2 protein chains.
Amino acid sequence: MWDVSFIPLRPGSLSGPVTERSDAARNRERLLGAARELIEECGADGLTMDRLAERAGVGKGTVFRRFGSRAGLMMTLLSDAEAEFQSRFMFGPPPLGPGAPGLERLVAFGAARIAYVLEYGELARAADESAHNRFDVPAAVLWHRHIELLLREEGMDADPRLMAMALSATLDPERLLHAVRIHGIEPGRLAESWRELVTRVVRGA
Amino acid sequence: MWDVSFIPLRPGSLSGPVTERSDAARNRERLLGAARELIEECGADGLTMDRLAERAGVGKGTVFRRFGSRAGLMMTLLSDAEAEFQSRFMFGPPPLGPGAPGLERLVAFGAARIAYVLEYGELARAADESAHNRFDVPAAVLWHRHIELLLREEGMDADPRLMAMALSATLDPERLLHAVRIHGIEPGRLAESWRELVTRVVRGA
DNA sequence: CGTCTAAACGGACTACGGTCCGGATATTAT
DNA sequence: ATAATATCCGGACCGTAGTCCGTTTAGACG
């Protein structure tokens, strides 16, 4: 599937060969390189699986065997940035990382996520698309759990899980990008609005 | 409102005939009937534009001329329910309609919307899909404006527009249906969580 | 009626994501 | 080196949404 190297799906189920066959590894590199080229030339929306296969000099089946789907490819392309983002809010310095009060971490999390989405705009949106399971992708459940954790830390009584779901919805890439690109909302206002939102939600407890 | 045939793309350009040609009207009825049949038989997800054209005994081009897109078709099928929903929260009895305090109306709006989405599940989701402009569809901007209005009525200071956007995100059909169908959340908990959310947001003012 | 024209029609066509499976190949065992 | 096999490869194939354009027809007008 997409690169699971930073979050194993089922840690116990790695019964297959651990090492990739050399031709497979070569093709994966070719594909990733070609994908980055195409995105630079045509944008993420201009990248089609057929074009990618052709550019990489590889069959279409190979593309799908490597990445599972278009969304999977996009996630793989984002995996470095995503891993870095994850380690920042889980292990990095406060206020994003541990050491600050929950509310401050929540505010910082939203701001960081907004910045992330705006930086990788097309990619982030494409990685979310199509998926019947976009909400259950490992990264998404991690964000959700993180928000829920911080809510509990702040003493949230009422259904922290659903509150976290509501807050997550606010950070949906498609919505954020739409606000900025179509309605011309300035990113700073998004972050400020997030701050207001989580503050009220937590304070109301 | 919903039926795209009633919404002139460029309001000033109504030079054409106001009345539908009889064959057009006949085909529209055929198509809507066939669509309802197919949905009953195969579910909304099983309705494809090709099958619909065949069932209605009509060319595929006709389907797209009438409804513009699959999402447009779904919206048309929902237009009665949508119109009824709209008139309830705009003109109906309190607490959903005017006459109750803003906060109570907000709570009622969310509950009604959640019930609506759960009732028309597949349809509501399909009507939202694909669209690059799903947030700018007339009904969506109406809901957004309504929420924003109620927030202002409750004295919301900080950026009511973005707050309304955040609250709208929470009511996204795809998310709601995912929570209920995949994670088995009970609808009542969704409504209760919405109540907590809007209460805190408004009270924090 | 007959004529004329704008509107509607239909279905072949394109582009895309995704699947399948017979054949090729890397790797390992002998 | 050779054989055996698990893995990988490629591209033909499918279903779907959406487009295009030559053809047909409704309905207005004379």
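Read along the sequence, chain A of this predicted model runs α-α-α-α-α-α-α-α-α-α. That is 10 helices and zero strands. The C-alpha atoms of chain A fill a box of roughly 55 × 45 × 30 Å along the principal axes. Of its 205 residues, 34% count as buried. Among the contacts in chain A that join residues at least 6 apart in sequence, 65% link residues at least 24 apart.

One helix pair in chain A can be followed in detail. The axes of α5(A), residues 102-119, and α9(A) come within 10 Å and cross at roughly 75 degrees. Angles of 65 to 115 degrees count as roughly perpendicular, so α5(A) is roughly perpendicular to α9(A). On the α5(A) side the contact is made by Ile114(A), Val117(A) and Leu118(A), and on the α9(A) side by Pro173(A), Leu176(A), Leu177(A) and Val180(A). By class, this contact has seven nonpolar residues, with no polar and no charged ones.

The next topic is the contact between the two protein chains. Chain A and chain B each put 23 residues into it. On the side of chain A that touches chain B, the elements giving two or more residues are α8 (160-170), α9 (173-181) and α10 (187-203) of chain A. Of these, α10(A) gives the most, with nine residues. The side of chain A that touches chain B divides into 11 nonpolar, five polar and seven charged residues.

In soluble globular proteins, nonpolar side chains tend to be buried together. Here the largest nonpolar core has 99 residues, and those with the most contacts inside it are Met74(A), Leu123(A), Met163(A) and Met163(B). Leu151(B) is 12 residues from Met163(B) along the chain, and their C-alpha atoms are separated by 8.3 Å.

DNA strand D is surrounded by 25 residues, the closest being Gly59(A), Gly61(A), Ser22(B), Thr48(B) and Gly61(B). The elements that each supply at least two residues of the surface near DNA strand D are α1 (22-42) and α3 (60-67) of chain A, together with α1 (22-42), α2 (49-56) and α3 (60-67) of chain B. The most comes from α3(A), with four residues. By class, the residues of this surface are five nonpolar, 10 polar and 10 charged.

Some backbone details remain. Most residues other than glycine have a negative phi, and most peptide bonds are trans. The peptide bond from Pro94(A) to Pro95(A) is cis, with omega near 5 degrees. Pro95(A) is found in the loop between α4 (70-91) and α5 of chain A. In chain B, the bond from Pro94(B) to Pro95(B) is also cis, with omega near 5 degrees, and Pro95(B) lies in the loop between α4 (70-91) and α5 (102-119) of chain B. Asp159(A) has a positive phi, near 45 degrees, and is found in the loop between α7 (138-153) and α8 of chain A. With 19 C-beta neighbours inside 10 Å, Asp159(A) counts as partly exposed. Phi of Asp159(B) is likewise positive, near 45 degrees, and Asp159(B) lies in the loop between α7 (138-153) and α8 of chain B.

Note on methods:
Residues numbered from 1 in each chain as written. Chains lettered and ligands numbered in written order. Predicted model: local features only at pLDDT ≥ 70, side-chain atom pairs only at ≥ 80, totals over all residues. Contact = placed C-beta atoms within 7 Å. Nonpolar A, V, L, I, M, F, W, Y, C, P; charged D, E, K, R; others polar. Near = placed C-beta within 6 Å. Core = buried A, V, L, I, M, F, W, Y, C linked by C-beta atoms within 7 Å. Buried ≥ 20, exposed ≤ 12 C-beta atoms within 10 Å, placed from the backbone. Axes fitted to C-alpha atoms, helices over the stretch in contact; angles between N-to-C directions. Parallel < 35°, antiparallel > 145°, perpendicular 65-115°, else oblique.
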